[in-house]
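I opened this model to look up a few local features and wrote down what I found. The entries below follow the order in which I looked.

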Amino acid sequence: MKQSKALIQTLREVPRDADVVSQQLMMRSGMIMKLAAGIYDYLPLALRSIRKFEQIVREELAKDGCQELLMPTVQPAELWQESTRWSFYGKELLRFKDRKDADFCLGPTHEEVITDIVRRNVRSYKQLPMNLFQVQTKFRDEIRPRFGLMRGREFIMKDGYSFHVDDADADRGYWEMFNAYKRIFSRLGVKFRPVEADSGAIGGSFTHEFHVLAGSGEDGILSCDACEYTSNVEKTEAPRVDPVDHGAAFPLRPAHFQTPGVTAMEEQAAAFKDAEHDGMPLHQTSKVYWLEAEILTPGEAEPSRRIAVAAILRGDHELNPVKVKNAVGAADLQPMPDAEDFCGAPAGFLGPIPRPGTRHAALHADPKDRLVYLVDRSLEGAVNLTCGANEAPGHHFGFDPKRDLPMARYADLRLAQEGDLCPRCGKGRYQAFRGIEVGQVFKLGTKYSKSMNCVFVDEQGKERPMVMGCYGIGITRTIAACIEQNYDADGIVWPWPVAPYQIHLLDLDPGSAEVRGTAEKLEAGLEAAGFEVLHDDREGMSPGAKFKDADLLGFPLRVMVGSKGLKDGVVELKDRRTKEVRKVAPEALVAEVIAARDRILADLAVQGGR
């Protein structure tokens, strides 16, 4: 391909609205253009990379017998109402009406549609298992689209769905796709981790995310250094800790110590003084997070109800909202907007023990599933804690969760952190990484098949709901993640498998008939050998400007043809990643390029997944 004819407009300056490296480099290299917030044009270079990754995905899924189809982007509301997600999914679901006033949405995902397809076409156990997938554009109306293709509103995704006769077969299919995903990301040559994760809005019983490791990643990952346990920090198990011995239990001392102006936990611990104490360790303090949860109530008069949740932790621990959401089975969880009015005290003095005359006290006396107390399991058996007194400016001393809140439930509520002992093996410690989520596999169970009556007839002639799995890969997001992991001060450093072109051929003196003729001959020879070549034949460009563009575009190999080199009977071959330059006779170039390619792919095979 001649660069003089290609739709490639490079930029020297970083666009003002480009937040992260991948967005900056993709816009500067002429790969994408912003059309609207979170919506981008994929220009030819970007599309070449996207299509290459799609092909890798298709090839690996074909090995496991997956069938490709294509579903509509526009989906009718009735299907989402059947699954109960029409209201549950939230404002990311872009809803609209057609000219007949019927409700539709732009598909952010396709569980409902695929379930409808299978229930209308599959009846017998003999047709199962079945694994179907598509590669298609999705739309999610993100409240804050940012980071270019990493968190856009419109994006290309591979989503796949499997259908099974029972849990055992669904488990087999899950791990089959898990291993297929490992093959897919290994072929990219990127460093990645499969991690245990929360299933979020999709639902399901268990799930793994696949993360490309990058310092700019939005997600925190904790990985044991002694076993294979790796998890998104939202999901990571916090280790159990033995309760600290705080001595014989005291009775609760109402507003025992006054703390005017003291709200931070460290200040509160240092401020505590009485006959026996002059300050106290932070782990002897407690704090409460007042939250409001939405609980779905399908089949009842009201489709959902809101409940108050008090999450109580040690003063030196931080809350993991995802764990709280899962513990109460909430569709949505937010900070309680009127917690101060609810408890009758200002922020900094809120506590779990109700003060008479408040809404908290009234609900505490008659909770009726409208008030839930959750205590982190690190406080199980703990006594003599401090807590907010729900009355400024004071705190209680002598708080004993088991005694003072007998209705409370204990659960893992806190954020695990680097250095924590791994609870899976009991030997290793957590190491922290940052990751960009690029894929996820779910075991959905019968969440959709039951609500949408997707059934099959078993060997005994009885109807049973199909057990489902769900498997997604962010195609465009993965391309951006590759760049986030592979760049330097000069530009992109493409992994060979998804580089838009493999070779950048630079004609450094297009006015010379000898140089132009040699470059044309080399281009033809490389393409005949199966390589993809972008030939920079542009006139009026200095060699320095062409080098700058070549570094920015970042194709794996660069061939430089100039008058000076040809006088010595050589052209130059440069490896973009290692920056190694070799002088090669033109007639030996194809063989040298083949050898360089083999070295690059061997290095990628070693690196992939590390």
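**Notebook: strands, a helix and a cavity**

Entry 1. I began with a strand pairing and looked up valine 571, whose bridge partner in β31 is valine 584. The model is a predicted one, and I read the entries with that in mind. Strand β31 covers residues 581-584, and its pairing with β30 is antiparallel, with four bridges.

Entry 2. I then looked at what joins the two strands. The hairpin of β30 and β31 has five residues between the strands. In this hairpin I noted lysine 579, which has a positive phi near 65°.

Entry 3. Which strand does β30 meet through another set of four bridges? I found strand β29, residues 557-561, which runs antiparallel to β30. For arginine 558 I looked up the bridge partner in β30, and lysine 574 came up.

Entry 4. I asked how many of the five residues of β30 are buried. The count is four, so strand β30 (residues 571-575) is largely enclosed by the rest of the structure.

Entry 5. I moved to helix α15, which spans residues 543-553 and includes proline 543.

Entry 6. I listed the buried residues of α15 as Ala545, Lys546, Asp549, Ala550, Asp551, Leu552 and Leu553. I then looked up what these buried residues pack against. The helices are α1 (21-28) and α2 (44-62), and the strands are β26 (491-492), β27 (503-507), β28 (533-536) and β29. After α15 comes glycine 554, and I noted its positive phi, near 70°.

Entry 7. Rolling a probe the size of a water molecule over the atoms shows where empty space is left. I found one cavity of 30 Å³ or more, and the largest cavity holds about 30 Å³ of space. Which residues line the largest cavity? I wrote down His504, Ala550, Phe555, Leu557, Arg558 and Arg576. Sorted by class, this lining has three nonpolar residues, two charged and one polar.

Methods
Residues numbered from 1 in each chain as written. Predicted model: local features only at pLDDT ≥ 70, side-chain atom pairs only at ≥ 80, totals over all residues. Heavy atoms only, no water. Buried < 20%, exposed > 50% of the residue type's maximum accessible area, 1.4 Å probe, protein only. Pairing = 2+ DSSP bridges. 1 Å grid on protein atoms, 1.4 Å probe; cavity = no way out; pocket = protein on both sides within 12 Å on 5 of 7 lines; lining within 4 Å. Points joined across faces, edges and corners; volume = space filled by probe spheres on them. Nonpolar A, V, L, I, M, F, W, Y, C, P; charged D, E, K, R; others polar. Contact = heavy atoms within 4.5 Å.
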